[in-house]
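Visitor: Could you walk me through this one? I'd like to start with the surface.

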Amino acid sequence: HPEVAVNVMEEKIASANTVVEKAKLNPDFAVAYNNQSLIGYQSPDGIAQKYFDAGHRFHFAGITVDVPLFNRATKAKIKAGRISEDVARINTEATALNIKHSINQLLEEYKKQNNSLAYYEGAGLKQAEQIITSANLSFKNGEISYLEWTMLMNNAVNIRLNYIEAIKQYNLTLIELNYLTAK
């Protein structure tokens, strides 16, 4: 699921941050080389002037060793990084469990909505048709009043509306289930 994938990436980021902080404890080495020419009159001994053209080059090299001496803050950052890794791992596990729980709930809801649809398609809509047919016949023959006919028609319409609501709930449940199972 995308949420779990995001949490896994956060785990990797926390782990990488810890590795970066650990690397700060290692000594750092650097080697440098520079080649430069100064064109014009120069005084190498401080008294006499000498002309240097582009063919006269000055070379110098350097080696640097950087050893961290004060590393209490870095060690604290490493400890915080490990805690961040644990938090990210727990968040991933919690998200995965929440998604599994949601899927199980939606499967139960899916079964319930499927049973509801089966009832309406099997018996409910037929009952609504029978109510409409008998109410119209009874009203036409004068056996019931307009008020009774209205109440019977209202019952039939409510059965149909409930069927449409059951379809809506079934579809919403199916959409959520597809989202969580990444289909």
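This is a predicted model: local features need pLDDT of at least 70, side-chain atom pairs count only at pLDDT 80 or more; totals for chains, interfaces and linings use all residues.

Visitor: How much accessible surface does the protein chain have, and what share belongs to carbon and sulfur atoms?

Guide: The accessible surface comes to about 13500 Å², and carbon and sulfur atoms hold 59% of that. Areas come from the Shrake-Rupley method with a 1.4 Å probe; for residues, only the protein chains shown count as cover.

Visitor: What share of the residues is buried?

Guide: Buried residues make up 19% of the 183 in the protein chain. Buried means under 20% relative accessible area, exposed means over 50%, and partly exposed is in between (1.4 Å probe, protein chains only).

Visitor: How many helices and strands?

Guide: There are 3 helices and 4 strands. From the N terminus the order is α-β-β-β-β-α-α. Helices (H or I, at least four residues) and strands (E, at least two) are DSSP runs, numbered from the N terminus.

Visitor: Compact or spread out?

Guide: The radius of gyration is 41 Å, well over the 16 Å that the globule rule gives for 183 residues, so the chain is more spread out than a compact globule. That radius is taken over C-alpha atoms, and the rule is 2.2 Å times the number of residues to the power 0.38. Along its principal axes the C-alpha trace spans about 135 × 40 × 25 Å.

Visitor: How far apart are Val 157 and Pro 44?

Guide: They are 108 Å apart in space, C-alpha to C-alpha, and 113 residues apart in sequence. Val 157 sits in helix α3. Its relative accessible area is 42%, so Val 157 is partly exposed.

Visitor: Now α2. Why does its length make sense?

Guide: At 1.5 Å a residue, its 69 residues should span 102 Å, and the end C-alpha atoms are 95 Å apart, which agrees. The expected span is 1.5 Å times one less than the number of residues.

Visitor: Where is the kink in α2 centred?

Guide: On Tyr 120, with a kink of about 45 degrees. The bend is the angle between axes fitted to the seven residues ending there and the seven starting there. After α2 comes Gly 142, with a positive phi near 80 degrees.

Visitor: Which residues have the most contacts inside the largest nonpolar core?

Guide: Leu 117, Tyr 120, Trp 149 and Met 153, in a core of 13 residues. α2 (72-140) and α3 (146-180) each supply at least two of its residues. α3 gives the most, with 7. A nonpolar core is a set of buried Ala, Val, Leu, Ile, Met, Phe, Trp, Tyr and Cys residues joined through side-chain atoms within 4.5 Å.

Visitor: What does Trp 149 touch?

Guide: Leaving out residues up to four places away in sequence, Trp 149 touches Ala 135, Asn 136, Phe 139 and Ile 144. Contact means heavy atoms within 4.5 Å.

Visitor: And Gln 113, buried or exposed?

Guide: Gln 113 counts as buried, at 8% relative accessibility. This α2 residue touches Ala 166, Gln 169, Tyr 170 and Thr 173, not counting residues up to four places away in sequence.

Notes. Residues are numbered from 1 along each chain as its sequence is written. Side-chain values use heavy atoms; hydrogens and water are left out.
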